[in-house]
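Have the model open beside you as you read, and follow along residue by residue.

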Amino acid sequence: MVTGSNKAGWTTAAVLTARLIFALVFIMAASFKFIDIAATADYIAAAGFPLPKLLAWLAALLELGLVACFFTGAYFSEAALMAAAYVVFLAFAFHGPSHWKGNQSEFGFFVDHFTFTAGLLFAAVHGPGRVLAINSKRFLPR
């Protein structure tokens, strides 16, 4: 049985760990894009999207913004919802059903995006926690 004082410690640690994991995943994604933006643009073009270089840069910048939100807790719920929508888009655009016939491991990549999305949605509902979180509500216009 979890007591009130015990619960506070492990829940704070779990929330901070989850925020760190979210941030690290998007740091890695952005890093790969910045390291070889041309390769990312080629990947985007191969999926049939127009303006692949622009989209690669926009994706990298979006991911950096998400990292900032996950690290600081500012606009955390909004960022988690945006990240969830982005991850679902990526699942269908780059690992969706049209990819499964040629490579069955693509189905696994597709499903993984939804498990990550579930975590992001859960985080969006519950927020960044009370520790190491900027209160973004004070920045919103009234």
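## Surface, fold and core

The protein chain has an accessible surface of about 9000 Å², and carbon and sulfur atoms hold 72% of that area; accessible areas come from the Shrake-Rupley method with a 1.4 Å probe, and for residues only the protein chains shown count as cover. This is a predicted model, in which local features need pLDDT of at least 70 and side-chain atom pairs count only at pLDDT 80 or more, while totals for chains, interfaces and linings use all residues. Residues are numbered from 1 along each chain as its sequence is written, and side-chain values use heavy atoms, with hydrogens and water left out.

The chain contains six helices and zero strands, where helices (H or I, at least four residues) and strands (E, at least two) are DSSP runs numbered from the N terminus. Its C-alpha trace spans about 50 × 40 × 30 Å along the principal axes. Of the 142 residues, 31% are buried; buried means under 20% relative accessible area, exposed over 50%, and partly exposed in between (1.4 Å probe, protein chains only).

The largest nonpolar core has 26 residues, and Phe22, Phe26, Leu66, Phe70, Ala83, Phe116 and Leu120 have the most contacts inside it. Helices 1, 2, 3, 4 and 6 each supply at least two residues of this core, with the largest share, 10 residues, coming from helix 4. Such a core is a set of buried Ala, Val, Leu, Ile, Met, Phe, Trp, Tyr and Cys residues joined through side-chain atoms within 4.5 Å.

| Residue | Residues touched (heavy atoms within 4.5 Å) |
|---|---|
| Phe116 | Phe22, Val25, Phe26 and Val87 |
| Lys33 | Thr40, Ala56, Ala59, Ala60, Glu63 and Tyr86 |

Lys33 lies in helix 1 and counts as buried because its relative accessibility is 14%.

Ser105 belongs to helix 6 (residues 105–126). With a relative accessible area of 37%, Ser105 is partly exposed. The side chains of Ser105 and Asn103 are joined by a polar contact of 2.6 Å, meaning a pair of N or O atoms within 3.5 Å; within protein, one must be able to donate a hydrogen and the other to accept it, and residues adjacent in sequence count only if both atoms are side-chain atoms.

Definitions and conventions:
Lists of a residue's contacts leave out its neighbours within four places in sequence.
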